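Please keep the sequence and the structure in view while reading.

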Amino acid sequence: MITILTDFQSPRLKYAVDTIFREWLNLDYDIVTSVNQVDHESCCIVYGNYSHKGSINIFKEGLLDESDLRKDLPAVTSHQDLPIIFEVKHVEDFDLPFDVFSAVFFCLTRYEEYIITKRDEHGRFQAADSIFNEHNRVPYVDRWILSLENLIRMKLPQWKNPRSLNWLSTLDMDIAFAYKGRSLMRKVGATGKDLVNLRFDRLRERVSVLTGGSVDPFDTYDLFLRNDGADQKRIFIPVGDRGRFDNNLDVENTFLKQHINKLQKRVKIGLHPSYHSLDKEEVVEKEKFKLEETTGSKITESRQHFLRFSLPESFQILASLGIEKDYSMGFHDEVGFRSGTAYNHYLYDLINEVTLSIALIPLTAMDSAMKNYLNATAEESITVMKEILQAMQNTGGVFTSVWHNHSLSESDDWIAWRTVFQSIPDIVRSQR
């Protein structure tokens, strides 16, 4: 049991301590505003203008008793090679060198993304613009919590909080098949395009696949779904209207509908909201309904196409439509920890000062981020993922990989990337 002795209460404080103690450390807590209310058999944490003998003393910076957005970003400093924010000036008076509650709140809410307005051509926040851009491959929030956990363990020696390292393997089905599942008109159009571009290799492959002579190169689902030691697996399926950045196939096609029905017998399926659905509730609702009609099942999980979302609007919409978990919280152009953590957490809406009913599952490493943005070779990507997992070794959490069925095809510019995917089980096992 934890007693937090403080001179204020607020929705922000409640979110921070709920996440830290109940969600992550599995500890019950009570917030009190008087020394007389302290349970003397509990571990007492003083947060504010109080003193209590034998307590853990945490500096209060002030962010959590505010109800508006600041204009300035906090400075990132360092303590024992770990980045911190909201540093305390007189460290000798406190048990940690910074306000851990405010720091966790700042990172999990993505506070900086409300202040930093710069975005890429697709409206996405870029890793290089984060104040933690030099530390994105380190789960710094998880290390902060581990420091707090070590202090609590000194007060509660019987308490145990086992940490484990898990692998969540996910697949985005942006283009279900290279050749199969298309209407006659699209088949004719694609064949004509191959002829115009003198792509006779593709034309031969297309004919071979459609006549049953060979397997569609994007049909890599059995490879993804094989028993490889992943703790969980997910496939996210797009069903929106076709557009410049939405090249998915029509799920009303009988062949594709049968394919999806086969997949859902083996793995949990989520929605992949289309590029053009961003912040359009009626479009997301239509797509969710369409996928539910196709599968005959309620859809409660999602990941944004292109990892394209805005805060807090995208998640307000998803939550209102019954999406309980979203898997988009990662960088499109970097590997690592966009929120500083490898642990699931609910999203706090900084505009309305409420906790939304949607849990965010952090995304750790994505094929397209490594190949297209980091310009990493297959071998370099294996090394990068190994370093990420090594960084998680002491703190645990979930390593969430994102692959695409076409990137497992060993075709075009994805040659050798199947090997990268197949290396993940051994890398995970080596760090457990």
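The structure is a predicted model. About 890 Å³ of space lies in its largest pocket, and about 510 Å³ in the second largest pocket. There are 25 aromatic pairs in the structure, and the count of cavities of 30 Å³ or more comes to 1.

**The largest pocket**

- The largest pocket holds about 890 Å³ of space, and 35 residues line it.
- Of these lining residues, the closest to the centre of the pocket are Asp-174, Ile-175, Asn-372, His-406 and Trp-414.
- Helix H6 (200-210) and helix H11 (367-373) are the elements that give two or more residues to this lining.
- By class, the lining of the largest pocket divides into 12 nonpolar, 13 polar and 10 charged residues.

**The second largest pocket**

- The second largest pocket, with about 510 Å³ of space, is lined by 25 residues.
- Asn-166, Tyr-343, Asn-344, Gly-397 and Val-398 are the lining residues closest to the centre of this pocket.
- Several elements each supply at least two residues of the lining, among them helix H1 (11-24), helix H4 (140-155), strand S8 (232-237) and strand S15 (397-404).
- Strand S7 (165-172) is also one of these elements, and its 3 residues make up the largest share of the lining of the second largest pocket.
- The lining of the second largest pocket has 11 nonpolar, 8 polar and 6 charged residues.

**The cavity**

- The largest cavity contains about 40 Å³ of space.
- Its lining is formed by Pro-273, Ser-277, Asp-279, Val-284, Gln-304, Ser-314, Ile-317 and Leu-318.
- Helix H10 (residues 313-320) provides 3 residues, the largest share of the cavity lining.
- Sorted by class, the lining of the largest cavity has 4 nonpolar, 3 polar and 1 charged residues.

- Among the 25 aromatic pairs of the structure is that of Tyr-47 and Phe-101, which is edge-to-face because the ring centres are 4.9 Å apart and the planes lie at 80 degrees.
- Tyr-47 belongs to strand S3 (residues 43-47) and Phe-101 to helix H2 (residues 100-108), so this pair ties together parts that are 54 residues apart in sequence.
- Both Tyr-47 and Phe-101 are buried.
- Tyr-47 and Phe-101 are also members of a cluster linked by ring pairs, together with Phe-8, Phe-21 and Tyr-29.
- Two charged residues lie over ring faces: Lys-233 over the face of Phe-224, at 5.3 Å from the ring centre, and Arg-308 over the face of Tyr-275, at 3.9 Å from the ring centre.

- Strand S12 (residues 345-349) is largely enclosed by the rest of the structure, because 4 of its 5 residues are buried.
- S12 runs antiparallel to strand S13 (residues 354-360), and 4 bridges join the two strands.
- Asp-349 has Val-354 in S13 as its bridge partner.
- S12 and S13 form a hairpin with 4 residues between them, and Glu-353 in the turn has a positive phi of about 55 degrees.
- S12 also has a part in the second largest pocket, supplying at least two residues of its lining.

Conventions:
Residues numbered from 1 in each chain as written. Predicted model: local features only at pLDDT ≥ 70, side-chain atom pairs only at ≥ 80, totals over all residues. Heavy atoms only, no water. 1 Å grid on protein atoms, 1.4 Å probe; cavity = no way out; pocket = protein on both sides within 12 Å on 5 of 7 lines; lining within 4 Å. Points joined across faces, edges and corners; volume = space filled by probe spheres on them. Nonpolar A, V, L, I, M, F, W, Y, C, P; charged D, E, K, R; others polar. Phe/Tyr/Trp six-rings, centres within 6.5 Å; stacked < 30°, edge-to-face > 60°. Buried < 20%, exposed > 50% of the residue type's maximum accessible area, 1.4 Å probe, protein only. Lys NZ or Arg CZ within 6 Å of the ring centre and 35° of its normal. Pairing = 2+ DSSP bridges.
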